[in-house]
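Q: Could we go through this structure together, beginning with the aromatic rings and then turning to the strands?

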Amino acid sequence: MSHKAYEGTYQGEKAVWLQFGPYEAVVLPEIGGNLIAFRDTESGYRFLREPAESEMEQFKANPGVHGIPVLFPPNRYEDGKFPWNGKTYQFPVNEESTGNHLHGFLHTIPWRVEEFGSTASESYVTVSVKIDENHPVYRMLPHTFTFRLRYALSEDGLSQHVLIRNEGRESMPCLLAFHTAVNAPFAPGSTEADCKVKLTIGERWELDGRMLPTGKYQPLTGEEKQLQGEGVSPFFTSMDNHYTAVPQNGRNRMELTDSNIGKTLVYDVGASYKQWMIWNNGAAGKFFCPEPQINLVNAPNVKLPADEIGLFGLEPGEIWEETSRLYVRNNG
């Protein structure tokens, strides 16, 4: 099976390309370590939303809705305030409409390529970012840590391994999500009407006018119950919704089925992600974002048990890690 890994460019940006059999993937280390493309070149499938050449400047200015952006800490924090261990960090308020901080600091900054290569079993790349006293992020999140991402292509699709190590002297918050932008449909010749999505959601959190959780749940609609079960269109209504994650059959995942080609794209994210965000750009079509998230939105400011809302830290020297996978399953 043909395979290789090499440095090149993507729309003029520095990139690491991975190829393995029919699969191809691209990582942009200088734009947040974003895995911007995952494709099946033999079938013409493009699983992730990629920026067009004319959209690259817009993408670089706001690299949050293409590929797989890293959100750390993820989503919204009320007034930009983040209480932690008796201190309160002040993040920039970068969402004027809500007066909140949105999406953290790692998806817009350069990452370092540690290594890349190809073997008979996989093509891979590892990128990382190290935050210390000399890094601009430290002024807002004063902790010393390394965040490492390893992507690999194999006959089993695309794997993602995340590792976060606390290299400081105090407990640090470990709050994370991926704003994964999935094409629907992903196959040429298919339409949005051919697509159904299923997600391992549980309860829907009630959000206030600032898109912050009230701590209460809302009843699921009929379509949301279909989302848990047989599947429903990703665009059945405008969605910017927050849910608990409830694994099914031991798996925590999104499944996007294309009835036209009889195949399902599976995004298996691992059980450490206790929440889901689902955003579909106002049900405008073409793509949606099933976002696996460790923690409840605004978790440090919510008066609920820490275990219930995924609010936890890493002690000095401690490591958190998780593995996710995107792959295609044939139906019937």
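Q: How many aromatic pairs are found in a search of the whole structure?
A: The model is a predicted one, and the search of the whole structure finds 19 aromatic pairs.

Q: What sort of pair do Phe 82 and Tyr 89 make?
A: The pair is stacked, because the ring centres of Phe 82 and Tyr 89 are 6.2 Å apart and the planes meet at 10°. For a stacked pair the planes must be under 30 degrees apart.

Q: And is Phe 82 buried or exposed?
A: Phe 82 counts as buried, because its relative accessibility is 0%. Tyr 89 has 8% relative accessibility, so it counts as buried too. The cut-off for buried is under 20%.

Q: What about Tyr 273 and Trp 320: how are their rings arranged?
A: Their planes stand at 85° with the centres 6.1 Å apart, so this pair is edge-to-face. Planes over 60 degrees apart are counted that way.

Q: Where in the chain do Tyr 273 and Trp 320 sit?
A: Tyr 273 is in the loop between strand S23 (263-268) and strand S24 (275-279), whereas Trp 320 belongs to strand S27 (residues 319-330).

Q: Which residues form an aromatic cluster?
A: One cluster is formed by Tyr 23, Phe 38, Tyr 45, Phe 47 and Phe 186.

Q: Which residue lies over the face of Phe 287?
A: That residue is Arg 49, at 4.0 Å from the ring centre.

Q: Now the strands. What is the order in the open sheet of eight strands?
A: The order is S11-S12-S13-S14-S27-S23-S22-S18, and the pairing is antiparallel.

Q: Which strands stand at the edges?
A: Strand S11 (112-118) and strand S18 (195-199) do. Each has a single partner strand, so one side of each is left without a neighbour in the sheet. On average, neighbouring strands of this sheet are turned by 10° against each other, direction ignored.

Q: How many bridges join S13 to S14?
A: There are 10 bridges between strand S13 (residues 145-154) and strand S14 (residues 157-166), and the two run antiparallel. Tyr 151 stands opposite Gln 160 in S14.

Q: And how many join S19 to S20?
A: Three bridges join strand S19 (residues 201-207) to strand S20 (residues 213-218), again with an antiparallel course. The bridge partner of Arg 204 in S20 is Gln 218. This hairpin has five residues between the strands, and Met 211 takes a positive phi near 65°.

Definitions and conventions
Residues numbered from 1 in each chain as written. Predicted model: local features only at pLDDT ≥ 70, side-chain atom pairs only at ≥ 80, totals over all residues. Heavy atoms only, no water. Phe/Tyr/Trp six-rings, centres within 6.5 Å; stacked < 30°, edge-to-face > 60°. Buried < 20%, exposed > 50% of the residue type's maximum accessible area, 1.4 Å probe, protein only. Helix = DSSP H or I, 4+ residues; strand = E, 2+ residues; numbered from the N terminus. Lys NZ or Arg CZ within 6 Å of the ring centre and 35° of its normal. Pairing = 2+ DSSP bridges. Axes fitted to C-alpha atoms, helices over the stretch in contact; angles between N-to-C directions.
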